[in-house]
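Colleague: I am new to this structure and would be grateful for a close look at a single part of it. Please define the terms as you go.

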Amino acid sequence: MSGFVKRRRALNINGTRLSVHTGQSVISLGNPSLDHVFGGGFPIGSIIGIGEDKQGNYSRVLSKYFLAEGIVNNHPLLVASMEEDPVQLVEKLPKPVEANTASESSAEQEPEIMRIAFRYNQLAPVDSEQKSSTALGHYFDLTKTIPSTTLLAQDITYWNGDELPESSGGIGSFHNPHYASLLSCIHRKASEQQFNSTSGECTKSVLRICLNSIGSPSWYDRNFSTDFLRFITLLKTVVRNTLSVCLITVPLHLFHYLDDLHLHKKVINLFDFSFELEAFAGQMEELANPAFKEYHGLLNITKIAPFNSLASYHPKTRDLAFKLKRSKFVIEKLHLPPDIADDDSGNKVQVPTLSCASGGMKSKLDF
């Protein structure tokens with residue numbers, strides 16, 4: 001009896017590729033720098049949780065990246081939100097950057113060749129921005145939006161909380177009927193088969209589910225903690241058994257004011273991948289620490305699960321920061337500037353030396 005097992009053929013789905021770390025089919029979140037932080041992409045069937053910043057501006061940008069990447073790859077989308085109109089969110093999706101423009105911008109960022117200290121050229125360059133040579137996702141320009149004609153040709157499903165189930169004992173028996181309505185909408189959309197209208201054959205595609213600001217004050221009631229945990233648990237079973245990837249943004253900073261003190265940790269444990277955006281806006285760190293003057297906030301990785309593998313991926317560094325430029329959202333390694341000391345003040349403290357002449361300043365080391 002042979003000990004070799006025939007390897008199954010990978011799914012041939014547009015916008016996916018095999019991970020070099022786990023061999024699973026992964027997709028891009030829409031930001032190549034963020035994909036590089038988590039090992040090159042996110043597996044199909046996973047749930048990515050984002051802890052929103054206090055104002056929710058930067059997490060909304062990542063949601064737009066996620067949806068715009070699905071538009072480029074012709075993936076069906078499901079957008080749900082009770083804080084804002086999901087239709088308006090889709091209408092503001094960034095436009096993909098052309099290949100020629102992307103190559104020109106990358107060429108401009110190449111380091112110059114050193115002629116004097118030529119030995120430094122043999123060392124690996126310090127690439128502060130998280131990039132990968134085999135990037136899966138596309139680059140997008142935040143100053144431009146995808147045309148409405150392109151959006152009308154896509155398979156997009158919207159949910160804003162208006163449709164409620166007829167009976168209260170729906171899926172999961174939630175006290176809040178919005179959870180049952182949203183979960184039934186996701187289950188119905190994920191179970192649909194995508195057919196090719198020309199050939200009539202079944203073509204597989206990845207459903208991108210974007211749940212924007214779930215767990216905000218619009219969802220609060222007496223049984224919020226119980227319903228919210230049950231909803232994520234049932235959502236995880238639906239996404240895991242279908243060709244789906246779910247991106248959910250949650251205002252985790254508001255959970256500290258609830259009665260359940262451990263709700264923050266319980267929610268993170270249910271996610272497959274999660275990170276939090278800590279913005280500097282309105283904090284004293286932005287003004288006190290000169291090392292943060294080039295960034296808009298910190299990106300804190302809270303969980304990387306071993307998804308269908310024995311060991312999870314470990315990034316090279318967890319000291320990450322982000323900044324929102326005019327046309328793109330950049331994630332970089334957090335590094336200190338060359339000199340963060342304030343030398344502008346005229347009051348300079350003289351350090352004692354071991355020499356006989358101490359410059360008029362006496363110390364215990366002088367003789």
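Modeller: Contact, or touching, means heavy atoms within 4.5 Å. The model is a predicted one, in which local features need pLDDT of at least 70 and side-chain atom pairs count only at pLDDT 80 or more, while totals for chains, interfaces and linings use all residues. Residues are numbered from 1 along each chain as its sequence is written, and side-chain values use heavy atoms, with hydrogens and water left out.

Helices (H or I, at least four residues) and strands (E, at least two) are DSSP runs, numbered from the N terminus. The protein chain has 9 helices and 14 strands, and L263 is found in helix α8. Leaving aside residues up to four places away in sequence, L263 touches F224, S225, L229, F255 and L258. The C-alpha atoms of L263 and S225 are separated by 7.0 Å, although the two residues lie 38 residues apart along the chain.

L263 has a relative accessible area of 0% and is therefore buried; buried means under 20% relative accessible area, exposed over 50% and partly exposed in between (1.4 Å probe, protein chains only). The buried residues of α8 are L263, H264, V267, I268 and L270. They cover an arc of only 160° around the axis, so they lie on the same side of α8; the arc is that of the directions from the helix axis to the C-beta atoms. K265 and N269 are exposed on the other side of α8. The cover over the buried residues includes α7, β11 (273-279) and β12 (297-304).

Helix α7 (residues 224-240) packs with α8 (residues 263-270) at an angle of about 10°, and their axes are 10 Å apart. Axes are lines fitted to C-alpha atoms, for helices over the stretch in contact, and angles run from 0 to 180 degrees between N-to-C directions. The two helices are therefore roughly parallel to each other, a term for angles under 35 degrees, with over 145 counting as roughly antiparallel, 65 to 115 as roughly perpendicular and the rest as oblique. From α7, F224, S225, F228, L229, I232, T233 and K236 meet L263, K266, V267, N269 and L270 of α8. This contact has 7 nonpolar, 3 polar and 2 charged residues, where Ala, Val, Leu, Ile, Met, Phe, Trp, Tyr, Cys and Pro count as nonpolar, Asp, Glu, Lys and Arg as charged, and the others, Gly among them, as polar.
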